[in-house]
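Reader: I have a model open and want to go through its contacts. Can you take me through them?

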Amino acid sequence: MTFDEGQGYVVLATLVLPLAAALILIFTPGSQKMAVRYISAVTGAILAALSIYIFVAYQVDGPEAQMNLNWAWVENVAFLGPGGISLRLAVDGISALMALLTGVVAFAGALASWKIEYRNKDFYILYWILLAGVYGTFFAYDLFFFFFFYELAVMPLYLLIGVWGSTRKEYGAAKLTLMLVGGSVLIWIGIFATFHQAGIGTFDLPSLWAAGQDGTISATAQKVIFPLMVVGCGVLAALWPFHTWSPDGHMSAPTAVSMVHAGVLMKLGAFGIIRLGIQLLPEGAAFWMPALMVLGTIGAVYGATAALTQRDFKLISGYSSVSHMGYVLMGLATMNTIGITGAVLQMFSHGVMTALVFLMIGALYDQAHTRDMKEFGGLGRVMPLWVIFYAIAGLANVGLPGFSGFTAEFHIFVGTFRTYPVFGALAIFAAALAAAYMLRMFATVFFGPLNPHWKDLKDLTPLERLSGAMLIASIVIMGVWWAPFTERVGHTVTLLPGVTG
Amino acid sequence: MRDYALFIPEYIACGVALLVIALELFAPRLRKDLLAYLTALGAVAWFAAGLAFLDRDPKSYQGLFISDDFTAFFRLLAAGIVFVVALMSAEFLKRQRGVDQGEFYGLLLVAGSAMTIMAGATELLTAYLALEVLSFSLYVLVGILKRDLRSNEASLKYILLGAFSSALFLYGLSLVYGAAGTTSYAGIAEAFAGRDSGLDPAVAVGMMLILAGVGFKVSAAPFHMWAPDAYEGAPLPITAFLSTLSKAAGFALILRLFSTAFVTDAESWRWAFLALAAVTMTVGNLIAIQQKNLKRLVAYSSIGQVGYMLISIAALGYGDAQVGLNATSGLLVHLVGYIVTTLALFSALTAAVSRTGSEEIAGLRGLAETQPFLALVITASLFSFAGLPFFAGFATKLFMLQGATTDETIWIVALAVLNSFISLYYYLMVIRQMYLFDPLGEAVRFRVQPVLWGLAAILLLGILFIGMYPGPAFEFSEQAAKPLFESASAAASARVQAP
């Protein structure tokens, strides 16, 4: 067994471990609520450790795809040639960073769900299935399994939100599920068309990428398929005008689901645009990227504007997510190294920051049972730690130097100005709006006179502090020492087809 | 040579059928569920005998019937379906009065044997007779609840429309026979391939009539009107039987007939399948949204599924033998996934309905509290129908639609995917009842009869196995599809050499 092969099993473990946890939980009696929590906490901790290992072990001077694992699954049947479908996993610079994000958020989310009393076993089962899907999508180097895991990550959401959610949960759950699956319908059609056009009898992604780049998939076909793939993935990435599930879904979702969903799942969409758009269909990307730039910019400005008018914490964060994912799409649409690197950094940055925001909202809502901003004031006096954590998340959101948001947005703005100066200006305008809605919220909620109704609110529990601290550490490390992040991402981004320096 | 040995598995099936009927006649005091277990045992023996016919060289019986891997594939499916339905009925019929159980179980086996003959028939009249044997068994089975008005009504509707469709089918056969001068598939293919002029309009009409006749049997829209009523009126296990065996048998007949006898004129019939597929899946899924009754919901959802499957038959006409093989392998593997999923769903529904007594969707309210295992099986089955990963439907539907994708059929594949998206909506409405709402009355866990529990568990494992490791099922399907296209490619090469 070579070293690289051994590391392939580490990657495999990130999929198998959550599924194994789900399986163990199925056979755990539902009355053993503490056992369920400990099993989940341990799973989360191991996953976080594995993720950090994968991120650190990725060698910036090595080959693009590392830690390979390739198991033949179905081959030499009907239209499937040799290696037709294989469980092929590998890590590149982008997925290494995404793995780190998933590990941190998954662990934090598992701890944040400690408070759940109602059928917590079922909650954690679905939660771990979802995470297996997330890891699988990031590591899959086979189109069949990419889509398999992509759908797997979407599937549990209906029940997670519908059963454990709040505020109009049925509506939010149904809308979110149907819109996301509606998006995957487009991807599914795109997959059929791609496989047929490539005509090489395999779902192996590197082979298909090669087919896309050497013209085996004709330029015309690429231009037709690209919008299917990008809109399909874009729904999950809250691409305007397909973002409408995001505010409603986040408003209804329970804390941990909001954290994982906004923190990680929305990134699957942007990641899909890289994998199935830029890498698979470079001709299509060259043709359509200006359109994506327009939609991304609208999303960034629209999300920020909408957040400015909201009073519900979760709606503010929901729209702010639309805005930040708009930046990600803008960064991808620049098609230059710095812009795309910025987009991937923003995926990470927005992930940890949003997870922190939703964690804080959950900590407040569980006690106050309202999320209306106007009802609060002066919370700094009763929940100082809560205010500090929330403030850090908010400032990272605004893009203050020293936090991850700055690093990411700076890259995106530089990239955008290189190709589309006008849109770059609009993006900075949206960032200014972000400052407005964040500071408005700080002023209303954190400071001012304390409403005596809220004088009994408790500050963060130790578990919330622990998960919050992990997320803050990620935000700060990326804000002050971004070299390890940009090196890994840049290592892969420079090799993407059609990307200029 | 008359090779009677080709039918040994069917001798077993029909022998057990006679035995079961005789037992009830001569030993009326016998416990009735023993008949069910005897039937299930017979199905196992039938299955085992069927295994012996796999991987053999094709052997023909007098040019009427061929025993090849395609036939063997459907024989195994039939035995499997009869096994599951018999066990399901053992529990279900305990609660029904006035049912002649000997006939009930006997007819299950007879219907299953008819399906084998339909798959293996290489001659029009044999195919027709097998189709009629299957239909008559089903007419009786649907109406077996003699004191239930809905069951009687369903049976009557089914008989009237079924007789009508048989007439269409038979008239179609006569037109084809008139043009070809023979009823054997190979003879028809030869006659059509060797003619000088274009397609005779009478033959085109004949093919369309045959298509309409079989369309009734598989309940393709606009010939689906009987299905919801028959599904609703029939006893639950028979609803499962209708939506698995009767459809599989219809597809077996269509596949062999259109890929061998009518292959020359593929360009003349392929559009009809496309149109039929498009209408069937859209009608089925859109009407399913409005259903309140579980059986009617399943009826319309299975009509939708038939729509997807018809795409594969259309694809036979849009490519060479390789495309045909791809499409057929995909169709067969999806059929397997569909059957396993449907049987799992009905095992769970039988258990749930026997407890709640309600066949409405709302009757499943709070099932996740009162019986989480059944709720899990139902959810897994519905997700499998919708094509979500981990479950059989994801892989098999992907294979089927990918196999049917050609330059000309990609639009309808896209329509199929859109339709399966619509279907997710009404499946979620069922899942919502089980998981999002509290049960009516007090939430007490109830126990499931061990037989149904075991069936549901095994079938659930089957759904998961096919979903996660579809390789074996797909390879088996390809093996079953091969005989159809070896003769097709041989005929094609013969045609090239002829002039």
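Author: Start with the domains: over C-alpha atoms, the centres of domain 1 and domain 2 of chain B are 20 Å apart. This is a predicted model, where local features need pLDDT of at least 70 and side-chain atom pairs count only at pLDDT 80 or more, while totals for chains, interfaces and linings use all residues. Residues are numbered from 1 along each chain as its sequence is written, with chains lettered from A and ligands numbered from 1 in the order in which they are written.

Reader: What are the bounds of the two domains in chain B?

Author: Domain 1 of chain B is 8-154 + 227-259, and domain 2 is 288-499; the bounds come from an automatic or database domain assignment.

Reader: How many residues are in contact between them?

Author: In chain B, 32 residues of domain 1 are in contact with 38 residues of domain 2. Contact means that the C-beta atoms, placed from the backbone, lie within 7 Å.

Reader: Which helix gives the largest share on the domain 1 side?

Author: H10(B), with 14 residues. Helices (H or I, at least four residues) and strands (E, at least two) are DSSP runs, numbered from the N terminus.

Definitions and conventions
Two residues are in contact if their C-beta atoms, placed from the backbone, lie within 7 Å.
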